Amino acid sequence: MPVSIKYFSDVLCIWAYASQIRLEEIARNFGADVQIDYRFCSVFGNSADKISRGWADKGAYAGFNRHLREVGKTFSHIDVHPEIWLTTRPASSDSAHLFIKAVQIVELKSEGGGNSGAGGPLSAQLIWQLRRAFFQECRDISQRRVQHAIAEQIGIPIAPVEVEINNGAAFASLAADNLQRDQLKIEGSPTFVLNQGRQKLYGNLGYRVIEANIRELLREPCISEMSWC
C-alpha cells in the first residue's frame, strides 16, 4: 500500500510556495509509493485583516512586502515579485481554494480519476501555477477570471468546474478540509500529515526530515516488532 500524505497549505503562503520543490522530490524519489492528498488551511482567508493587523507595527503591507522579498532571497528555486502585496492584494485565498476543490471533484468523477501528465494531476499543476502567478507574476489569483485563464492554459475545461462550484459540491469539499484541519489540529501552512494523523510535519522543514518519515512508513516491520512511528 502506498503511503498517504495529507498536505495542508494556503495558496498565498510563501512557505508553501517554497515547499513545492519538496513535493517534486517526493514524487521523483517515491513515485507511486506515495500519494499526496492536497488539502487547504485558510491562513489568508481575510488577507486585509491578517496583514493590516498582524503587520500593523511592522509597516503593514510595505513591511510584509519586505519580509516576503527577504524570504525569497533565501531560496534559489523561487522568484518573488518586487511589488507583491503592494500593487496586487488578493482579498482571500479561499476563492482559489474553492476553484481548486472544484477541479479535484471533476478529476474524481472523470474516468481513471482525472487527467495526469508528467507534472501529476491537473489539480496539483493548477495549485503550483496559481502560486507562481501570484508570487512571481503578481497576479490577483483571487479573481475568477485569473483562475480561468490559468486553468485553461494547462488544459482544464472550465464548464464542469463551474458546475461543481454552482451546485455547492466545491463548498462542501472545502468545508471538509476545514473540518479535518480542526480535527487534526493543523497549526499552519504547509503541514504534511502522515500515518493517519500520528505524524505532523509543519513549517519550513528540510526534505530529509520528510523523507525519513516516509521511508519509515514504507519499511515493512517484523511481525514481532512494535511500531515506533
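Is C13 buried or exposed, at 7% relative accessibility? C13 counts as buried because its relative accessibility, 7%, is under 20%. The legends below describe close-up views of a predicted model.

**View 1. The cysteines C13 and C41.** The structure holds zero disulfides. The closest cysteine sulfur to that of C13 is in C41, at 7.7 Å, which is too far for a bond. C41 counts as buried because its relative accessibility is 3%.

**View 2. The open sheet of four strands.** The strands follow the order β2-β1-β5-β6, and their pairing is mixed. Because β2 (34-40) and β6 (199-202) stand at the edges with a single partner strand each, one side of each has no neighbour in the sheet. From one strand to the next, the twist averages 20°. Strands of a sheet pair through backbone hydrogen bonds, in either the parallel or the antiparallel sense.

View 3. Strand β1 (residues 3-9) runs parallel to β2, and seven bridges join the two.

**View 4. Strand β5 and its pairing with β1.** The pairing of β1 with β5 is antiparallel and extends over three bridges. F8 has T191 as its bridge partner in β5. In a regular strand, side chains alternate between the two faces of the sheet. In β5 (residues 191-194), T191 and V193 point one way, whereas F192 and L194 point the other way. All four of these residues are buried.

**View 5. The hairpin of β5 and β6.** Strands β5 and β6 run antiparallel and are joined by four bridges. L194 stands opposite Q199 in β6. Four residues lie between the strands of this hairpin, in which N195 takes a positive phi near 55°.

**View 6. The largest nonpolar core and W85.** This core has 59 residues, and those that touch the most other members are W85, L126, I141 and F192. Helix α5 (residues 122-135) gives the most to this core, contributing eight residues. A second, separate core has five residues, among them F8, L184, I186 and V193. In soluble globular proteins, nonpolar side chains tend to be buried together. Which residues is W85 in contact with, leaving aside its neighbours within four places in sequence? With those neighbours left aside, W85 is in contact with L12, F44, S47, I51, Y61, F64, L68, P90 and F134.

**View 7. I154 in the loop between α6 and α7.** I154 lies in the loop that links α6 (144-153) and α7 (158-166). I154 and L126 are separated by 28 residues in sequence, and their C-alpha atoms are 7.5 Å apart. Not counting residues up to four places away in sequence, I154 touches L122, Q125, L126 and Q129.

Key
Residues are numbered from 1 along each chain as its sequence is written. This is a predicted model: local features need pLDDT of at least 70, side-chain atom pairs count only at pLDDT 80 or more; totals for chains, interfaces and linings use all residues. Side-chain values use heavy atoms; hydrogens and water are left out. A nonpolar core is a set of buried Ala, Val, Leu, Ile, Met, Phe, Trp, Tyr and Cys residues joined through side-chain atoms within 4.5 Å. Buried means under 20% relative accessible area, exposed over 50%, partly exposed in between (1.4 Å probe, protein chains only). Contact means heavy atoms within 4.5 Å. A disulfide is a pair of cysteine sulfur atoms within 2.5 Å. Two strands pair if DSSP finds at least two bridges between them. Axes are lines fitted to C-alpha atoms, for helices over the stretch in contact, and angles run from 0 to 180 degrees between N-to-C directions.
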